[in-house]
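User: Please look over the structure shown here, and then take my questions on it in turn.

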There are 2 protein chains.
Amino acid sequence: MNLTEYRHIQNIVRPHISQTPVLSSTILNETYGAKLLFKCENFQKTGSFKFRGALYAAQAKLSKHNVDLLTGHSSGNFAQALAKTAQFLKKQAVLVMPENAPSTKVEAVQRYGGEIIFSGNSPSDRENKMAEYLKINPEAVFIHPSNDLDMIHGNATCAGEFLEMHPEIENLIVPVGGGGLLAGTALARHSLSPETAVYGAEPAGADDAQKSFQSQSIVPSIAPDTIADGLRTQLGDQNFPIILEYVEDILTVTDEEIIEAMKDIYRFLKIVIEPSSAVPLALVRKQPRIFKDKINGIILTGGNIDFRTLAHLITNN
Amino acid sequence: MNLTEYRHIQNIVRPHISQTPVLSSTILNETYGAKLLFKCENFQKTGSFKFRGALYAAQAKLSKHNVDLLTGHSSGNFAQALAKTAQFLKKQAVLVMPENAPSTKVEAVQRYGGEIIFSGNSPSDRENKMAEYLKINPEAVFIHPSNDLDMIHGNATCAGEFLEMHPEIENLIVPVGGGGLLAGTALARHSLSPETAVYGAEPAGADDAQKSFQSQSIVPSIAPDTIADGLRTQLGDQNFPIILEYVEDILTVTDEEIIEAMKDIYRFLKIVIEPSSAVPLALVRKQPRIFKDKINGIILTGGNIDFRTLAHLITNN
């Protein structure tokens, strides 16, 4: 993606998304011994950065093939993003979601007018149910939540805005699950600020991306075990080559370290985030050799967490 | 306060405070049947708007009478604000705080280098202890947390920024406790946007300001009973005449209504606020005759709440 391509994508996405604010805290900077800037995608429409990707991917695909039906599978944030995208484009959205999806996410999808087909709880259950649906409805436009170049390009606008607002950023740190945000961030950096380093931050209990990066071939995510529910999925053939080429490193943190970082973000930034969003800050504390005394830009990816879950996580740990 | 005076104050305050963001939510707008804009002073330095007033008041007073010691009494937010102000100005701060102040607020004051003298828990306990201290230390510059014209002028920059960013605001709604923010908001509105109406929102369990407004004479706050701990104090002779002249009305809501609004702000704005900050949104729901279908600007005054308290308030109500 060169700068002209980036500007084209940005022009399509920008009028319809929130230009989310960047927050910082003197106390957090002192505590972590680094300058920390937080791009607040928890304030993005639908509560996560996925709306950027979904909005761009849907428009890109519909411009080639204009149909009335958008579909995808998701455990939560992407379902909300695609449902709202469809509502905005006056299309229909059908989402495959696991039976154990939190009721707040299910209600949000329905509020945007999305139709839900429930599947079993594993990623492969969702994919199988999705394949069944697409066999019966071959006209539907399918969008993958992370392994889709248009999604990656739409996601890139988050880091793009961040770098244009703060060109001084030395390290960009983003959570890695399916890899769609990490790849988009790496592309934006490449176009706008090649000297900035991009790091992926991953839960130790779902370290398939780190293993993939080290072995240079995609390692599947088998039985991931982490509270960072948005980061349990695995990389794909569309985002992995980009990550291999443009990302500095992928590093992990434990769930205990994630919870400590969540508490700090709640207490000093005064905002509500989901556990996945706390992974990069946990990494800053864990790897002072890389991040100390540097200007670190962190993307807070989303804020879709049920209050009881948040209360339980923070008050019981 | 005319526009020239406002610009003078703004120029002193602006370089040292955060230009806090304004957030909004489509779902909240739909739920409340109004356009709602939220000025997020929970993200202000020290976690509340009080830093604006403290910073301006300290500089205004020290410019006339340059001493090394700043002092004041506070149950929390003002103590943090004055301690940080003193740190910034390289002065000493001595704060009278109640013995039952939350440990997070006490720790924050100490982190900014403030010295604390504990008093009994009632406002009059604090005032008596403060008077004792000032008798022994007559050289100290005393700043009242709300009933001080310089505080009021510094606070005015919050509504000022808000109105300059969103001149379309039809109603400005702010919580009223001691009256320092309401008076400052009314003055800023008078200078910048005379057509905008200013409303005070007060807990029904501490409705002394409403009674004062209706009777046109200050009614003391006796045994206030509300979860909005920042709003239990009473109006004073400096802010009351301004409120009487420039404020449209002061209206009340119950604690149950405050908690409902807190939940909505947590869930849809994804931010952490203290109960006092939720009072204006509760008022929007309660008074559709005034606020429905209007563009309402709400100042979210602060975010200094212990997580366990927040969790308890929201999950048990």
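This is a predicted model: local features need pLDDT of at least 70, side-chain atom pairs count only at pLDDT 80 or more; totals for chains, interfaces and linings use all residues.

User: Which three residues supply 31% of the area that domain 1 of chain A buries against domain 2 of chain A?
Analyst: The domain assignment, whose bounds come from an automatic or database source, gives domain 1 (3–48 + 148–315) and domain 2 (50–142) in chain A, and the centres of domain 1 of chain A and domain 2 of chain A, taken over C-alpha atoms, are separated by 23 Å. In terms of contact (heavy atoms within 4.5 Å), 28 residues of domain 1 of chain A meet 21 residues of domain 2 of chain A. The buried area, that is, the accessible area (1.4 Å probe) that two parts lose on being put together, summed over both, is about 2,000 Å² between domain 1 of chain A and domain 2 of chain A, with carbon and sulfur atoms giving 57%. The 31% share, more than any other three residues supply, comes from A:Thr46, A:Asp150 and A:Met151.

User: Where does A:Thr46 lie, and what is its phi?
Analyst: A:Thr46 is placed in the loop between strand 2 (35–40) and helix 3 (50–64) of chain A, and at 8% relative accessibility A:Thr46 counts as buried, where buried means under 20% relative accessible area, exposed over 50%, and partly exposed in between (1.4 Å probe, protein chains only). Most residues other than glycine have a negative phi. A:Thr46, although not a glycine, has a positive phi of about 65 degrees.

User: Is A:Lys270 buried or exposed?
Analyst: A:Lys270 is found in the loop between helix 11 (255–269) and helix 12 of chain A, and A:Lys270 has a positive phi of about 65 degrees although it is not a glycine. Its relative accessibility is 10%, so A:Lys270 counts as buried.

User: Which residues of helix 12 of chain A are buried?
Analyst: Helix 12 (residues 279–286) of chain A is largely enclosed by the rest of the structure, because six of its eight residues are buried. Those buried in helix 12 of chain A are A:Val279, A:Pro280, A:Leu281, A:Ala282, A:Leu283 and A:Val284.

User: Which residues does A:Thr185 touch, not counting residues up to four places away in sequence?
Analyst: A:Thr185 is in helix 8 (residues 180–192) of chain A and is buried, with a relative accessible area of 0%. Under the stated exclusion, A:Thr185 touches A:Ala159, A:Leu172, A:Val174, A:Val198 and A:Ile299.

User: Which three residues supply 32% of the area that chain B buries against chain A?
Analyst: The contact between the chains takes 29 residues from chain B and 29 residues from chain A. Chain B and chain A bury about 2,400 Å² between them, 64% of it on carbon and sulfur atoms. More than any other three residues, supplying 32% of the area that chain B buries against chain A, are B:Tyr266, B:Lys270 and B:Phe307.

User: How many residues apart in sequence are the parts that the pair of B:Tyr199 and B:Phe291 ties together?
Analyst: Rings of Phe, Tyr and Trp (its six-membered ring) pair if their centres lie within 6.5 Å, with planes under 30 degrees apart counted as stacked, over 60 as edge-to-face and the rest as tilted, and the count by this rule comes to three aromatic pairs over all chains. The rings of B:Tyr199 and B:Phe291 have centres 5.1 Å apart and planes at 75 degrees, so this pair is edge-to-face. Since B:Tyr199 lies in strand 8 (residues 197–203) of chain B and B:Phe291 in helix 13 (residues 288–291) of chain B, the parts tied together are 92 residues apart in sequence.

Conventions:
Residues are numbered from 1 along each chain as its sequence is written. Chains are lettered from A and ligands numbered from 1 in the order in which they are written. Side-chain values use heavy atoms; hydrogens and water are left out. Helices (H or I, at least four residues) and strands (E, at least two) are DSSP runs, numbered from the N terminus.
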